[in-house]
Amino acid sequence: MYDVVIVGAGPAGISAGLYAKRSGLNVLVLYHGQSNLEKASKIDNYYGFTNGIDGETLYKTGIAQAKNLGIDVIEEEVTGITKLDTHFVIEANNEYSANAVILSTGNKKLRPEINGIAEFEGKGISYCAICDGFFYRGKNVTVIGNSKFALNEAKVLKNIASKVTILTNGETLQETSEFEVIKEKIRAIHGNGTVDSVEFSDGSVISTSGIFIALGEAGSADFAKRLGIILNGDNIAVDKNMQTNIPGVFACGDATGGLLQVSKAVYEGTLAGLSAINYIKNK
Amino acid sequence: MSVLKITGENFENEVLNSSKPVIVDFYADWCGPCKMMSPVIDKIAEELGEEVKVGKINSDENMELAEKYGIMSIPTIMIFKNGNLDKTFVGVTDKTSIIEAIK
């Protein structure tokens with residue numbers, strides 16, 4: 001059992017981890033995929049570097065600093081977070097338990113940029129197979145995503161729907177799968193009141209009654225949505241202490257929106273770390 | 001006011017024939033986000049008192065109601081005024097947005 005599990009190893013997550021660890025808490029950082037910081041070729045506007053610093057070095061140094069302090073930093077994709085009465089269970093390649101969770105998953109978009117997604121939300125577009133799967137009993141459904149997270153959603157739906165197809169929207173499926181997979185990029189989602197079909201960029205069309213968005217960490221906040229965290233557009237809504245609407249779940253950095261800057265991520269990570277310490281002490 | 005259990009049997013009487021605005025929360029027991037929504041609904045009932053009626057509908061046990069109102073994602077919160085559906089929120093929604101919609 002960890003005191004705090006942090007999802008994301010950028011400047012926000014690592015900063016939160018440093019404060020939590022230094023106060024004596026057991027901290028695990030889980031990360032997967034590429035951070036925006038890693039992609040930045042040069043950062044000239046962050047305090048303390050005479051000639052600026054490249055993003056990848058800053059990112060990797062942060063992870064090394066956390067490990068050096070005794071924080072467990074593991075590369076695993078988080079596929080689900082569940083709140084139990086006393087603690088949280090974090091599903092990744094392994095399963096972890098924690099008293100508090102900090103989401104620092106970056107600013108990747110919750111919704112893929114496909115025409116029709118916003119229009120049909122709650123009318124055939126869903127973000128949670130366990131919640132909404134039973135509305136699609138015996139129907140054809142599709143899952144948009146290309147990672148383990150998408151496969152997990154497809155497996156939940158397999159037992160309910162008549163057919164499940166995975167749409168990778170131009171990406172390569174990261175795991176082998178028992179499901180039919182369509183790799184073509186999606187042009188639009190169509191329907192009349194509710195979803196009835198998906199149109200691809202090559203002009204082909206398939207019929208579907210339900211589309212489950214399962215981008216996982218690539219979509220940053222969709223497991224947040226499944227946990228019941230209130231979002232503000234594509235960002236996670238937090239109070240002034242970085243707490244979400246769920247006690248014990250905090251968010252920081254690009255995931256909360258606003259300035260997409262390292263300095264802001266470090267500040268919010270600090271605050272989230274301190275808030276998590278406070279939460280655990282008063283638990 | 002306490003939160004009512006709404007079913008196919010009492011829906012017409014409690015919701016459609018209500019003289020007060022009614023907030024209903026479609027949920028299911030296995031749905032994680034619904035568990036986050038539930039205390040928000042309780043709090044609204046407590047805060048608004050006699051001004052409104054607040055109810056919860058187990059969508060699994062009341063599939064015909066869920067189908068009638070085109071529920072395809074839960075939690076879904078619906079506000080009824082004078083027997084008509086006035087506003088729908090899909091997904092976990094904050095207390096303020098719901099209270100604003102009822103006024």
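Reply: The predictor's confidence in each residue is called pLDDT and runs from 0 to 100. This is a predicted model, in which local features need pLDDT of at least 70 and side-chain atom pairs count only at pLDDT 80 or more, while totals for chains, interfaces and linings use all residues. Residues are numbered from 1 along each chain as its sequence is written, and chains are lettered from A and ligands numbered from 1 in the order in which they are written. Chain B averages a pLDDT of 94, and 99% of its residues score at least 70. For the complex, the predictor gives an ipTM of 0.82 and a pTM of 0.82.

Strands (E, at least two residues) and helices (H or I, at least four) are DSSP runs, numbered from the N terminus; two strands pair if DSSP finds at least two bridges between them.

Opposite Ile102(A) stands Phe250(A) of S17(A).

H1(A), residues 11-22, has 12 residues and reaches 16 Å from its first C-alpha to its last, close to the 16 Å expected at 1.5 Å a residue (the expected span is 1.5 Å times one less than the number of residues). Of its 12 residues, 11 are buried (20 or more other C-beta atoms, placed from the backbone, lie within 10 Å of the residue's own; exposed means 12 or fewer, partly exposed in between). Among the buried residues of H1(A) are Pro11(A), Ile14(A), Leu18(A), Tyr19(A) and Lys21(A). Just after H1(A), Gly24(A) has a positive phi of about 100°.

Elsewhere in chain A, five strands form an open sheet in the order S7-S14-S8-S9-S10, with parallel pairing. Strand S7 (125-126) and strand S10 (180-182) of chain A stand at its edges with a single partner strand each, so one side of each is left without a neighbour in the sheet. Inside this sheet, strand S8 (residues 140-144) of chain A and strand S14 (residues 210-213) of chain A pair in the parallel sense over four bridges, and Val143(A) stands opposite Phe212(A) of S14(A).

Finally, chain A touches chain B. The contact takes 21 residues from chain A and 18 residues from chain B (two residues are in contact if their C-beta atoms, placed from the backbone, lie within 7 Å). On the side of chain A, strand S4 (80-83), helix H4 (129-132) and helix H6 (222-227) each supply at least two residues.
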